[in-house]
Amino acid sequence: MRKKTNKSRLMLALWLGIAWPALAGGPFVINGKLAGVEDGAVVRLFRPDGSMGAAVAADTLRNGRFMLCGEVEQLEMLSIAVQGEGFPSMGLNVWVEPDAVVSVSGRDKLLVTWKVKNRMPQQSDENRYIDASRSEYIQLQQALINYASLNILQRNKRDELLKQMDSLQMLIRGTEICMMQTTPYSEVWLTRFQKLAFWSKEAEGHPYRKELLALYELWPQPRKESPLGKFFQRKFFLPGMVWTGDEMADADLLDTLGRVHRLADYKGKYLLLDFWSIGCDPCRRAQPEMKRLGEVYRDVLTVISITQDGETSWKKYSAEQGIEGVNLRDPKRGAGLSGRYSVERIPHYVLISPEGKVITSWTGYAPGLIEKKLDEILPDSVGRPFVIEGNLQGVEDGLGIGLGRVEPGGIPQIGQDTIRGGKFRFSGLLNGPTHMVLMGDPRQGFSFTRLDFWAGPGRTTVAGDDKMIRSWRAESDLPEQTEQNRYADTCRNAVHRQQQCMIEIRQAGRVQTPQTDSLWAEYQALQRLVDSVEIAILQTLPEGVTPSAVWMDKLSTQASNARYAKDYPYRDVVVGLYEALSDSQKGSPEGIEIGHRLYPRSLKPGDMAPDGVLADPLGKSCRLADFRTPDKYMLLDFWRVACAPCHKSVPEMKEVVEEYRDRLTVVAVNLDGIRDQWLKAAAKDGITWTNLNDPQGFEGLPFYYDVFAVPTYVLISPAGKVSAIWSGYGPGLLKKNVAEAFAKADAASGLMSAEADVAGNYDDISPVKQAGTYVIEGHVTGIAAGAVFFLMDLDFEGGSSIARDTLRDGTFRFTGSVEAPVKIGLSSQAISTMLECWIGPGATTAITGEGPFPAAWKIESDLPEQTESNRYDEVSREMSLLRQQYHAEFMPFTINLT
């Protein structure tokens with residue numbers, strides 16, 4: 001009697017949309033008996049909970065039998081699925097209630113057409129629907145089994161099976177609608193109606209939509225107003241479905257903390273939507289690959305996982321599995337995004353463009369399928385996956401390894417990993433063969449150098465037996481790496497010994513001994529050997545043969561040595577190799593870099609300002625001349641995304657733009673090669689003035705303006721001449737330098753006295769104090785004319801350039817005013833490291849020396865601070881000289897992160 005009463009209560013609550021007290025629950029049991037089915041398959045029982053279901057019970061098939069037990073509070077439909085070879089990925093619907101005993105029998109693996117018996121009328125209704133389409137269900141299951149047996153390369157057969165399955169499902173739905181038109185409402189009727197409504201929501205060409213709407217319209221109005229009726233309203237009258245080429249559909253989605261997300265929050269990159277469920281085995285098997293692809297494509301694509309599972313089970317599973325990334329739940333379930341994107345089976349994937357357009361979608365998972373789809377669909381410009389795997393011996397765990405990409409003007413670090421079990425790994429996207437480097441921290445015992453190698457789409461392995469990074473060996477299928485190894489193998493022993501020498505010198509600390517002198521001499525001799533070997537290989541390039549990227553890179557390294565290394569003996573050979581290049585090769589980015597190293601330039605105030613081809617935010621070519629006006633100065637601001645002082649200077653630049661808007665045009669010139677990163681950084685900083693990019697990076701306009709670091713500023717007069725150049729940023733420095741430059745210009749024009757106190761008009765920069773003039777006079781030999789020296793403010797973190805002068809006839813000179821003795825730095829690419837000295841009011845500082853190592857130079861001044869500093873420097877002069885020589889030798893192998 002209880003069963004009939006419970007059912008009546010549930011139906012009344014269902015139709016009227018009212019709450020009903022929970023009924024007393026009880027156990028149930030499902031006994032299965034199968035013939036012709038081998039043991040070992042896992043039979044699982046699920047409760048509908050989203051796209052697939054939540055696990056209730058499971059048993060392993062033994063002697064053709066299984067038993068599934070559980071408890072329910074009331075009448076409900078559960079589903080049986082089987083995990084095993086040869087079973088279709090479908091479910092058998094079974095109705096249970098408290099105290100129910102259910103029997104299941106079958107003679108094959110086609111579980112949907114197994115026989116289910118119990119005393120509930122709902123099961124009898126379920127069986128009638130199955131029997132009415134038994135032949136179609138058998139064919140459908142067999143097609144699913146065949147589909148699962150094919151690999152992803154058998155595309156034609158898979159497409160044929162998909163068409164067959166779609167046709168069979170349409171026949172089954174037509175039969176069900178005919179039955180529903182002649183049978184009374186019941187729980188099974190409503191379940192079938194719900195599925196059909198889901199399938200029919202404005203699907204193009206759906207043949208049964210009118211019939212379903214006719215069934216819905218026969219409902220009494222109270223039923224339409226019930227929660228269930230409103231649910232079907234959403235099914236039928238959802239906003240339009242989206243197809244390939246349409247704007248993406250969006251909705252409120254929830255993360256595990258209950259926060260609302262929308263797909264629009266992630267626009268700007270490609271979006272890969274992954275519709276999945278806990279109970280979907282292919283979905284779970286796809287998760288490791290989805291995680292890996294999310295990491296590899298992280299710069300261009302965001303993976304968004306979307307489930308309809310119940311909140312509790314989803315949160316529990318997410319926590320247990322440690323699911324990372326964008327993991328969201330659609331609270332509207334089938335009436336939400338899965339409906340808009342026509343998700344009928346899972347896993348289902350939708351790829352959306354950075355602009356929010358639907359590119360394509362597909363259903364199903366097989367190992368490698370998702371990566372293959374992305375490779376076929378995404379444009380070449382986004383790059384293709386690479387992986388770099390390291391296997392080291394004799395290197396302890398926990399040490400860090402950095403990955404850098406060689407670019408004009410520097411080597412930005414693009415990855416960091418920690419050695420575990422002697423292994424490290426990097427992954428990402430590359431457009432083709434790319435010059436990369438691996439680095440370790442010398443403080444952790446690694447040699448003070450790097451491993452140069454070439455990586456591209458595909459796999460690169462790195463092996464090593466110790467911490468001598470430059471002695472490690474990289475292997476890949478790239479011809480560039482084969483050529484790189486040719487250079488490395490010819491002098492591998494010499495390079496390994498070089499690294500040992502430098503480690504032993506480092507271990508000696510600040511003490512110079514005959515042993516360290518001997519090690520340094522040995523190192524220099526080995527370097528001469530390495531240079532001679534590389535030069536000899538470079539000279540083997542046949543005449544008329546186009547040089548490879550590796551050949552150009554090696555020539556660039558030797559050109560750098562020709563410019564900076566002391567007593568370099570092969571400059572004439574390097575110049576000859578460069579001059580033998582064709583005009584197109586000299587005009588390539590690598591050729592330009594080599595030419596700039598061999599033929600450096602310098603620029604001074606009064607020279608005509610160079611111009612060049614730049615790009616605006618839309619990618620259109622332009623020149624500085626396009627933004628000049630006859631009555632305005634122009635201020636160039638050279639910057640990079642990775643430069644922290646560049647970003648810190650923006651608020652002050654905004655003040656400069658506003659204060660001098662009638663006299664000054666500010667042009668920001670970015671030197672990065674990735675357009676999206678440049679524009680995002682500019683937008684984040686709020687750069688509203690002219691914002692351009694130099695496609696050649698440091699080898700473009702920066703070369704002609706003698707820009708070695710960023711930020712660097714160049715003030716150009718209305719006549720197109722250079723008025724001032726300075727580098728670095730410190731609070732107030734930008735406004736001060738611009739004000740002084742305009743004061744000098746105005747004084748030259750008779751607008752104000754040359755003796756005007758500029759600083760006094762800018763109290764927010766520094767208060768007016770009694771100051772005195774300082775003078776720095778330098779006389780050095782052994783350094784090429786044209787070398788640029790910078791005067792550095794050491795109070796600003798990292799140093800900031802406050803003045804510059806060019807070496808002429810072996811002399812340079814700085815003058816200015818200070819209020820008290822202060823330590824400053826003297827820097828130049830022509831010397832191995834910064835020279836520190838003291839200046840003061842009324843004091844003259846004389847600097848004399850020979851060669852590029854400041855430790856050997858002499859500093860004289862009347863200031864007691866300089867006298868004391870000289871005493872300390874004298875104690876460690878020899879060791880400092882050794883360190884500077886060591887630094888100069890390694891200059892070509894260090895990383896510039898500006």
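Is Thr460 buried or exposed? This is a predicted model, in which local features need pLDDT of at least 70, side-chain atom pairs count only at pLDDT 80 or more, and totals for chains, interfaces and linings use all residues. Residues are numbered from 1 along each chain as its sequence is written, and side-chain values use heavy atoms, with hydrogens and water left out.

**Stop 1: Thr460**

Select Thr460, which lies in strand 22 (residues 458-464). Strands (E, at least two residues) and helices (H or I, at least four) are DSSP runs, numbered from the N terminus. Thr460 is buried, because its relative accessible area is 1%. Buried means under 20% relative accessible area, exposed over 50%, and partly exposed in between, with a 1.4 Å probe and protein chains only.

Next, display the surroundings of Thr460. Neighbours within four places in sequence are set aside here; beyond them, Thr460 is in contact (heavy atoms within 4.5 Å) with Val387, Ile388 and Glu389, with Phe453, Trp454 and Ala455, and with Ala474, Glu475 and Ser476.

**Stop 2: the disulfides**

How many disulfides does the structure hold? There are 2, a disulfide being a pair of cysteine sulfur atoms within 2.5 Å. Select Cys280 and Cys283, which are joined with an S to S distance of 2.4 Å. The torsion about their S-S bond is about 80°, so this disulfide is right-handed. Cys280 is buried at 2% relative accessibility, and Cys283 is buried at 2% as well.

Move on to Cys643 and Cys646, where the S to S distance of the disulfide is 2.3 Å. This link is right-handed, with 85° about the S-S bond. Cys643 is buried at 3% relative accessible area, and Cys646 is buried at 4%. Counting bonded cysteines along the chain, the disulfides follow the pattern 1-2, 3-4.

**Stop 3: helix 14 and helix 15**

Select residues 492-507 (helix 14) and residues 514-538 (helix 15), whose axes come within 9 Å and cross at roughly 155°. Axes are lines fitted to C-alpha atoms, for helices over the stretch in contact, and angles run from 0 to 180 degrees between N-to-C directions. The two helices are therefore roughly antiparallel to each other, a term for angles over 145 degrees. In the contact, helix 14 contributes residues including Ala494, Val495, Cys501 and Ile505, while helix 15 contributes residues including Leu519, Trp520, Tyr523 and Leu526. By class, the contact of helix 14 with helix 15 has 11 nonpolar, 4 polar and 3 charged residues. Here Ala, Val, Leu, Ile, Met, Phe, Trp, Tyr, Cys and Pro count as nonpolar, Asp, Glu, Lys and Arg as charged, and the others, Gly among them, as polar. Colour Cys501 separately: this residue is buried, with a relative accessible area of 0%.

**Stop 4: helix 17 and helix 19**

Which residues of helix 17 meet helix 19? Select residues 571-579 for helix 17, whose axis comes within 11 Å of that of helix 19 and crosses it at roughly 145°. Arg571, Val574, Val575 and Tyr578 of helix 17 meet Gly591, Ile594, Gly595 and Leu598 of helix 19. This contact comprises 5 nonpolar, 2 polar and 1 charged residues.

Finally, select helix 19 by itself, residues 589-598; this helix is mostly covered, with 7 of its 10 residues buried. The buried residues are Gly591, Ile592, Glu593, Ile594, Gly595, His596 and Leu598.

Technical notes
Parallel < 35°, antiparallel > 145°, perpendicular 65-115°, else oblique.
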